[in-house]
Amino acid sequence: MRTALYARRRRRNAIAMSLSLVATLIGLGWLVLILGALLWQGVNGLSLQVFTEMTPPPGADGGLLNPIFGSLIMTGLAVAIGTPVGILAGTYMAEYGRYARTTTIVRFINDILLSAPSIIVGLFIYEVVVAPMGHFSAFAGALALAVIVVPVVIRTTEDMLLLVPNALREAAAALGMPRAYVIRHVAYRAAKAGIVTGVLLAIARISGETAPLLFTALNNQFWSSNLNAPMASLPAVIFQFALSPYADWQKLAWTGALIITLAVLTLSIAARVVTGSRRQS
Amino acid sequence: MPSRAQVLVRMRLADKTFQYLTHATALGVLALLGCIIVALIIGSLPALRTFGFEFLVSQRWNPVTERFGALAPIYGTVVTSLIAMAIAVPIGLLVAMFLTELCPLWLRRPIGIAVELLAGIPSIIYGIWGLFVFAPFLQVHVQPLLIDTFGEVPVLSSLFAGPPYGIGTLTAGLILAIMVLPFITSISRDVFEAVPAVLKESAYGLGCTTWEVFRSVVLPYARVGVIGGVMLGLGRALGETMAVTFVIGNAHKIAPSILAPGTTISATIANEFTEAVGDLYTSSLIALGLILFAITLVVLALARYLLLRVERRLGA
């Protein structure tokens with residue numbers, strides 16, 4: 001009787017443990033499957049041409065130069081707009097308003113913005129920028145991406161500033177430094193690696209964002225460096241080309257997908273290296 | 001040479017300016033959320049005025065006659081998210097259990113990193129993979145099997161009816177499951193790891209098996225955090241756009257079969273917004289966005305509230 005119960009409990013445990021092992025293998029299996037398919041399909045189309053030529057009309061040879069350029073421009077602009085805003089807001093939350101009620105509310109709202117659907121951001125920018133201006137523009141696309149950058153940077157800036165020991169601030173204040181100087185010359189310097197990580201993660205996040213660009217920057221078949229006109233971006237071109245019936249467009253879409261994934265993975269790993277080196281020192 | 005008093009005045013000014021600047025930016029975040037809501041409401045007013053409450057309960061979507069109803073996209077959003085959660089929650093919890101209870105220490109970090117990399121892959125990558133690799137695989141190997149197996153079973157036969165298209169509601173749900181799995185796993189792992197070792201050890205000391213410790217000690221202790229993580233994953237699944245747009249088929253109808261093409265709120269907006277002619281069409285799409293934002297706000301706020309409670313308890 002007792003041995004039967006014992007055997008049943010052990011059996012149940014063995015079943016649960018094997019299930020968890022299987023679940024883990026399934027979970028990791030997807031990563032392997034997706035990256036495998038991406039490499040398999042994407043490497044085929046990878047050539048110098050991809051980086052030197054414009055997007056082709058169906059049936060012709062071409063590359064992805066204009067969308068790569070567009071993605072770089074809009075990502076750069078978005079980071080240039082979003083990072084200062086994020087760092088300033090994060091500074092308030094960790095330094096001036098650490099115990100303020102505002103901070104709790106802002107943190108709550110920020111966490112919601114952090115995981116809000118990105119297509120909503122696209123609609124918002126369409127309503128406030130594109131519709132009044134009357135046309136799609138690269139600038140609107142960059143603004144939409146900046147709205148996504150801000151919460152990521154706020155979150156990491158606040159977290160990292162909170163990790164800076166108060167003794168450092170007090171020592172600087174005892175020397176007679178005004179608060180703003182303490183923050184800029186002591187706290188920022190101590191939290192630099194963490195803040196850089198936040199910016200890297202934000203870049204990784206927006207470099208693959210498609211939904212906010214679809215109706216802000218739209219797309220552009222041709223080379224354009226005009227911020228006031230529609231601009232191509234890698235995700236938007238992948239979207240258009242992958243859903244097209246033309247085999248050579250689909251091939252370019254795979255190559256573009258590979259480029260984005262490699263960029264995102266490099267950025268995420270770089271972000272880990274930056275924080276990792278900080279922890280060791 | 002400025003006097004000491006002048007320098008002090010200047011420093012004081014710079015100090016105050018910096019403080020007010022940071023304060024204003026922080027309040028700007030609150031204003032941002034307010035602006036988003038107001039902009040969506042203003043944008044959707046024409047549609048809401050024209051259709052009223054009917055917008056929520058009608059499944060007509062006819063750009064030619066300009067009659068719009070949101071029921072089909074809302075239904076698609078809810079069903080795909082439910083499929084995703086039904087698959088991702090048990091698997092995610094099992095993976096988290098593996099990582100905290102079973103996995104050898106040297107393997108924990110690599111697997112944890114792999115899970116987080118999976119979370120970082122942009123959704124359009126899942127979309128293109130789903131369209132070209134996953135959907136054809138389902139069409140050839142899985143869907144015919146489902147149709148054959150459940151063809152005779154009363155209720156399930158209508159759920160798995162129709163030809164195997166490959167793309168459709170089920171495919172979208174499965175892709176979403178893959179996408180939210182890392183979120184659920186990493187949050188669950190974090191809350192499982194926060195369970196005090198003493199609690200687990202005393203259960204082991206009473207002779208419990210690993211599974212019994214997990215089910216009767218770890219899971220009840222981490223319950224609130226796990227629910228928070230699940231809600232966070234649900235928020236993602238509800239609002240996910242690109243991955244779904246590729247594989248859902250964009251059909252504005254409510255089909256009883258989950259193998260049939262459907263649509264979701266985000267997929268409808270992504271597919272039709274740039275082609276929408278006429279103010280009413282555009283406005284209806286923005287109204288869809290408003291509905292989506294309202295749903296995700298509630299879900300995400302609840303998730304954050306639950307996770308906040310866990311943090312407070314850990315902090316205390």
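Which helix gives the largest share of the lining of the second largest cavity? That's helix H3 (residues 71-102) of chain B, with four residues; helices here are DSSP runs (H or I, at least four residues), numbered from the N terminus.

Before going on: this is a predicted model, where local features need pLDDT of at least 70, side-chain atom pairs count only at pLDDT 80 or more, and totals for chains, interfaces and linings use all residues. Residues are numbered from 1 along each chain as its sequence is written, chains are lettered from A and ligands numbered from 1 in the order in which they are written, and side-chain values use heavy atoms, leaving out hydrogens and water.

A search of the whole structure turns up five cavities of 30 Å³ or more. A cavity is a set of points on a 1 Å grid over the protein atoms alone where a 1.4 Å probe fits but cannot get out, and its lining residues have an atom within 4 Å of a point. Volume is the space filled by probe spheres set on the points, which are joined across faces, edges and corners.

| Cavity | Volume |
|---|---|
| Largest | about 120 Å³ |

The largest cavity has 13 lining residues, with Leu113(A), Ala116(A), Val121(A), Val147(A) and Ile148(A) nearest its centre. Helices H4 (101-114), H5 (118-133) and H6 (138-163) of chain A each give two or more residues to that lining.

Around the second largest cavity sit 14 residues, and Tyr75(B), Thr169(B), Lys253(B), Ala255(B) and Gly262(B) are the closest to its centre.

Key:
1 Å grid on protein atoms, 1.4 Å probe; cavity = no way out; pocket = protein on both sides within 12 Å on 5 of 7 lines; lining within 4 Å.
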